[in-house]
Amino acid sequence: ICVFIHNLILTLYSGWTFYHTVRFMSNYSYSQILGPESIQIFSNPTYRNLLYLFYLSKYYEFIDTWIHYVKGRTPIFLQIYHHIGAVIIVGAGYKHEVVSMWIFLAFNSFVHTLMYYYYTLSTLKVIFPLKYLLTTLQITQFVSGMSLNLYYWWATSMNFEQQICIFISSSYLIGLIYLFQQFYVKSYVKKL
């Protein structure tokens with residue numbers, strides 16, 4: 001029941017974050033979001049609060065890894081890399097006001113809403129035959145996030161720390177894309 005509650009909490013939190021991020025971002029025009037002065041989004045306390053809570057949630061997600069240990073299983077490298085990297089990337093993005101963090105806030109909360117909903121249903125023994133679509137969605141999230149990350153690097157005004165954060169974030173995303181593709185091939189390609 002603890003695993004069910006954990007997954008339900010993350011489903012609800014992720015859905016709440018996605019809804020409020022989309023709602024917040026809809027107040028801005030494309031040019032305000034994608035233009036050279038997009039950093040102004042960070043001056044809004046609603047956005048800063050959403051991103052800070054998102055950062056804190058990345059610590060809470062470590063429980064996913066601990067669940068594996070409690071069940072007597074060793075988590076795969078992908079999971080450890082993903083969770084540790086997420087805390088570092090989101091924390092640095094928040095601290096240094098990297099404007100592209102909205103991408104991760106929106107995309108990741110959307111994917112996590114679906115993913116933790118799947119995990120919640122799994123604890124109830126509900127079978128979801130299209131599980132591979134979640135992994136596909138995660139890979140798509142990383143590729144899209146990295147593309148927009150690089151766009152911001154080239155098209156917006158950034159200080160040195162923000163440029164370093166974008167570089168590290170993009171490097172992390174390359175690792176995630178590789179690891180998730182390997183996971184996809186190992187888990188689904190032979191079964192499809």
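Q: Which residues lie nearest the centre of the largest pocket?
A: In this predicted model, the largest pocket is lined by 28 residues, and those nearest its centre are His 68, Gln 79, Tyr 118, Tyr 119 and Lys 131. A pocket here is an open set of points on a 1 Å grid over the protein atoms alone, where a 1.4 Å probe fits, with protein on both sides within 12 Å along at least five of seven lines, and lining residues have an atom within 4 Å of a point.

Q: And which elements give two or more residues to that lining?
A: They are helices H1 (2–25), H4 (62–70), H5 (77–95), H6 (101–123), H7 (132–155) and H8 (160–189), helices being DSSP runs (H or I) of at least four residues, numbered from the N terminus. H6 gives the most, with 6 residues.

Q: Switching topic, how many salt bridges are there?
A: The structure holds 2, counting a side-chain nitrogen of Lys or Arg within 4 Å of a carboxyl oxygen of Asp or Glu.

Q: What does Glu 97 pair with?
A: Glu 97 pairs with Arg 48, and their closest N and O atoms are 3.1 Å apart. Glu 97 sits in the loop between H5 and H6 while Arg 48 is in helix H3, so the bridge links parts of the chain 49 residues apart.

Q: What about Glu 61 and Lys 58?
A: Their side chains meet in a salt bridge at 3.1 Å, N to O, and both residues are buried.

Q: What should I know about the conventions?
A: Local features need pLDDT of at least 70 and side-chain atom pairs 80 or more, whereas totals for chains, interfaces and linings use all residues. Residues are numbered from 1 along each chain as its sequence is written, and side-chain values use heavy atoms, leaving out hydrogens and water.

Technical notes:
Buried < 20%, exposed > 50% of the residue type's maximum accessible area, 1.4 Å probe, protein only.
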